[in-house]
Amino acid sequence: MFTVLWLCVCLYVCLCICLRMSIYINISFVWFFRLTLTLQFAPQRLGKLVLGFLERDLQPSCKLACLETIRILSRDKNSLAPFSSRHAIQTLARHAAISLGQGRSTPELPDVEVIVEALKCLCNLVFNSSEAQEAAAQLQLMFGVAERLKQCREPQWNHDVRFFDLRLTFLLTALRVDVRTQLAHELRGAALLADALDATLGLCWLDTYEVARAGEEGQSEVSPLGRMETERAMEILKILFNITFDTSRRKVDEEEAAIYRHLGAILRHSLMSTAEGEDRTEEFHSHTVNLLGNLPLPCLDVLLMPKVQQGSIEYMGVNMDAVSMLLEFMEKRLDRGNKLKETLLPSLSLLTESARIHRETRKFLRTKVLPPLRDVKNKPEVGSSLRNKLVRLMTHIDTDVKTCAAEFLFVLCKESVSRFIKYTGYGNAAGLLAARGLMRGGWEPGHYSEDEDSDTEEYREAKPQGIKNKCIIISSVNVYAITDHVIQPMKLGADGKMTKLEPHDLHCLSQQPFINPHQNEEEEEREGEHSD
């Protein structure tokens, strides 16, 4: 619109210069405003005219020209009125060869270019117009698109038709909750799109939950995905994310669990695959990780199911290739440091939940993130190891980031308060412990298996002993005597309020038997020596 007005101003100036007569200036003003008004409403008039042409029996080249005009006009939000009506969406859907509603036959339009152009118009309109979204939902456009998505293995549709079918599906599921629910439940979207992803990646099934690229079975390295296959695969992953975002929060039946395990096996293959270029590969993996975080937690066991092969990362007899890739992806996002909430949390949350429910995963991650503690002179947040980086995140300004980082390390410590403090430091751990009410202990860890004694000689030498702590308490009495009226010690009274701590209170405290805060940890680790 700005370009149109600027053109009008230029025309007006030229007209004034050419006429150079005051008698014609008033006339030129009239023509200027008429031209402005005409150009302002010209797109809408043109839109109605073009839609009228599409109602006629035209040659494919004429239809293509009309649809290209609509595609250009639909980018301007001020020109959407003629195209957002129910009748306009119905006309465009017919030219896109999409059947409207359930059980209706698909219109026959063999010209693929016309179909692609009509799909582009629908994508623009759905993205820019809430009226077009409402019309598409009322016409049950999703049923027609789903029918063509089922034809993912048929050669009659080229890349452009498949891609814009997926793009239209993504926009509808992202912008309309009712369409999202319709695809997820009525149209069984998870199974439908898992099959589409299978066909796009060109997979063959070696076992129930183990896949490989067709023609590349048994190879340690697979060829990168092509550009078109990567684009379609990422659109499918985004749609699946839209329709499964609440799956991890609810219970699923056996049939749904089988579908999600089937999908999880495909996602594992996607995680281990590459695309053309590092940036494209990272984007592909990002969508894969986001979707993995939506799967029901019990279904994540498919990440560990493939057999150990030559070149695989093995731990406790289990293939850890996928877990290692997730850890590498997470650390790469952590090192980048940009928009951690959007880029880091999906992979970090996925690793946390996987470690919580899978013993082998937790133990493998602990060897990588929390190896035996040898550096006892530096603070836990000082250094370049992955543990140091995560501990630094525990005091991040963003609450979600620091909570997720602390939760991950807490799970790797089997939710043991003493072990958590050992690896992160009391100050860094205070936030999570306070949020859970664990500042004074009393927490019963979850159901975790025992680990071996992880205390190194360096840590045993640096571990505070009971006699040292008792000396600290006795010294506090002397400090109080010296700093009377300067530092006022306080205690928690019976009514829950802070009260003054008298000297005799400190004397009684120094006479109490000392309880070693590491006693529970030492007993736990001694028991771990006899466990599996």
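This is a predicted model: local features need pLDDT of at least 70, side-chain atom pairs count only at pLDDT 80 or more; totals for chains, interfaces and linings use all residues.

Me: How many bridges join S1 to S2, and do the strands run parallel or antiparallel?
Reply: They run antiparallel, and four bridges join them. S1 covers residues 203–207, while S2 covers residues 210–213.

Me: Which residue in S2 stands opposite Trp205?
Reply: That's Val211.

Me: And which way do the S2 residues point?
Reply: Val211 and Arg213 point one way, and Glu210 and Ala212 point the other way. All four of these residues are buried.

Me: OK, on to helices. What's the reach of H10 from its first C-alpha to its last?
Reply: Helix H10, residues 189–201, reaches 18 Å over its 13 residues. That is close to the 18 Å expected at 1.5 Å a residue.

Me: Is H10 largely enclosed or largely open, and why?
Reply: H10 is largely enclosed by the rest of the structure, because 10 of its 13 residues are buried.

Me: What follows H10?
Reply: Gly202 does, and its phi is positive, near 65°.

Me: Changing topic: how many salt bridges does the structure hold?
Reply: The structure holds 26 salt bridges.

Me: Nice. Which residue does Arg94 form a salt bridge with?
Reply: Arg94 pairs with Glu55, and their closest N and O atoms are 3.9 Å apart. Arg94 lies in helix H4 and Glu55 in the loop between helices H2 and H3, so the pair ties together parts that are 39 residues apart in sequence.

Me: What about Glu235, which residue does its side chain meet?
Reply: Its side chain meets that of Arg167 in a salt bridge, at 2.9 Å from N to O. This pair links distant parts of the chain, with Glu235 in helix H11 and Arg167 in helix H8, 68 residues apart. Glu235 is buried, with a relative accessible area of 4%, whereas Arg167 is partly exposed at 28%.

Me: And what is Arg227 paired with?
Reply: Arg227 forms a salt bridge with Glu231, where the closest N and O atoms are 3.1 Å apart. The two are separated by about one helical turn, because they are four residues apart in helix H11. Arg227 is partly exposed, with a relative accessible area of 47%, and Glu231 is buried at 17%.

Me: Which residues make up the salt-bridge network?
Reply: Glu353, Arg356, Glu407, Glu415 and Arg436 are linked in it.

Me: Last one: at what angle do H17 and H19 pack?
Reply: Helix H17 (residues 359–369) and helix H19 (residues 399–412) pack at about 110°, with their axes 9 Å apart. H17 and H19 are therefore roughly perpendicular to each other.

Me: Is that crossing left-handed or right-handed?
Reply: The crossing of H17 and H19 is left-handed.

Terms used. Residues are numbered from 1 along each chain as its sequence is written. Side-chain values use heavy atoms; hydrogens and water are left out. Buried means under 20% relative accessible area, exposed over 50%, partly exposed in between (1.4 Å probe, protein chains only). Two strands pair if DSSP finds at least two bridges between them. A salt bridge is a side-chain nitrogen of Lys or Arg within 4 Å of a carboxyl oxygen of Asp or Glu. The expected span of a helix is 1.5 Å times one less than its number of residues. Axes are lines fitted to C-alpha atoms, for helices over the stretch in contact, and angles run from 0 to 180 degrees between N-to-C directions. Angles under 35 degrees count as roughly parallel, over 145 as roughly antiparallel, 65 to 115 as roughly perpendicular and the rest as oblique. A crossing is left-handed if the near helix is turned anticlockwise from the far one by less than a right angle, and right-handed if clockwise.
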